[in-house]
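Here is a walk through one structure, taken a few strands at a time. Keep the sequence and the model side by side while reading.

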Amino acid sequence: MGIIKLNPAYKDYLWGGTKLKENFGKKTDLDIVAESWELSVHPDGPSIVANGEYEGKTFPEYLDAAGKGVLGTKGNAFENFPILIKFIDAKGPLSIQVHPDNEYALRVEHEFGKTEMWYIMDCDPGSFLYFGVNREISKEEFEAKIKDNTLLDVLKAVPVHKGDVFFIPSGTIHAIGAGIQICEIQQNSNSTYRVYDFGRVGKDGKPRELHIKKALDVSNLSPIESDFKPCGPTIKKEDAKVTTMATCHEFTTYVADVDGTLTWDVNEESFGSVIVLDGSLMLEANGQSVQLEKGQTAFIDAATGNTTITGKAQFIYARV
């Protein structure tokens with residue numbers, strides 16, 4: 001098919017809000033939408049094909065039917081589909097958490113670890129998040145501060161602004177703060193170790209589980225230096241400005257502002273994914289046209305070739 005429009009899977013975690021419904025057009029019966037899993041093959045929430053002959057099928061079902069060629073040579077180098085893309089609306093703060101690396105996660109959780117990046121789509125004035133520790137600490141001190149509820153004292157609190165970019169390697173202690181909406185591109189994993197949860201309880205009325213021993217095994221307890229900006233340059237390309245945000249073994253991401261037309265070569269190396277943050281655009285390739293509005297996502301098969309992007313919009317492009 002070439003270009004596959006996707007509908008997300010929704011999550012109503014207790015810290016979520018309503019801005020994905022109000023500001024990004026998400027349609028669901030859930031009162032709270034904490035996350036929408038836009039590009040997902042994960043069994044905890046696969047996205048759904050919204051156009052063409054596979055409409056109504058899950059995204060994994062499409063990939064199985066279409067064959068490995070749609071992933072590209074780099075995509076096929078991974079044992080499983082490599083990435084998961086989400087929108088996140090944090091009305092309240094997320095728990096303080098850490099993700100394992102591949103070696104630990106495969107051994108303990110039987111799935112890959114999680115390195116991720118966040119693009120700040122919007123935020124309330126004064127919003128902040130936690131990113132690593134603010135000084136070197138030992139495992140013993142880390143464990144003690146978890147148990148006596150003083151962990152926040154040794155975490156690095158970072159003010160956030162619309163357009164900031166956070167690259168979060170596995171092992172980084174972190175948490176999204178209240179009043180922030182994020183586009184997250186991550187490894188295809190749902191392994192999370194929670195170490196502090198602000199005294200909250202789950203739907204069953206009980207405190208949510210902490211994973212202290214596993215977090216002690218995987219956490220980086222040294223400060224990480226970052227300016228929280230895109231890693232690459234901004235280039236002018238046709239009627240657009242394109243900025244490289246983050247690149248690692250699992251993914252490369254760009255943010256683009258287009259007002260007119262932009263041609264994107266989706267080559268044989270990798271599939272592409274377009275996520276519209278603002279405005280609307282049309283994707284056209286090989287006689288196929290797909291319209292995307294704010295908050296919508298499309299998957300583009302590898303080797304689709306030159307794909308014309310027309311409109312006035314801001315979007316994220318992700319690939320491996």
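Which residue stands opposite Ser-289 in S18? In this predicted model, the residue facing Ser-289 is Glu-284. Strand S17, residues 272-285, and S18 run antiparallel and are joined by six bridges. Together S17 and S18 make a hairpin, with two residues between them. Asn-286 lies in the turn and has a positive phi of about 55°.

In a regular strand, side chains alternate between the two faces of the sheet.

Another part of the model is an open sheet of six strands, paired antiparallel in the order S2-S3-S5-S12-S7-S10. Its edge strands are S2 (9-11) and S10 (165-168), each of which pairs on one side only. From one strand to the next, the twist averages 20°. Within this order, S7 (residues 116-123) and S12 (residues 180-187) run antiparallel and are joined by seven bridges. Cys-123 stands opposite Ile-180 in S12.

Strand S3, residues 35-39, contains Glu-35. Is Glu-35 buried or exposed? Its relative accessible area is 5%, so Glu-35 counts as buried, the cut-off being under 20%. The side chain of Glu-35 has a polar contact of 2.8 Å with that of Trp-37 and one of 3.4 Å with that of Lys-86. Leaving aside residues up to four places away in sequence, Glu-35 touches several others, including Ala-9, Tyr-10, Trp-15, Leu-20, Phe-87 and Ile-88.

Conventions. Residues numbered from 1 in each chain as written. Predicted model: local features only at pLDDT ≥ 70, side-chain atom pairs only at ≥ 80, totals over all residues. Heavy atoms only, no water. Pairing = 2+ DSSP bridges. Helix = DSSP H or I, 4+ residues; strand = E, 2+ residues; numbered from the N terminus. Buried < 20%, exposed > 50% of the residue type's maximum accessible area, 1.4 Å probe, protein only. Polar contact = N/O pair within 3.5 Å; in protein donor to acceptor, adjacent residues only side chain to side chain. Contact = heavy atoms within 4.5 Å. Axes fitted to C-alpha atoms, helices over the stretch in contact; angles between N-to-C directions.
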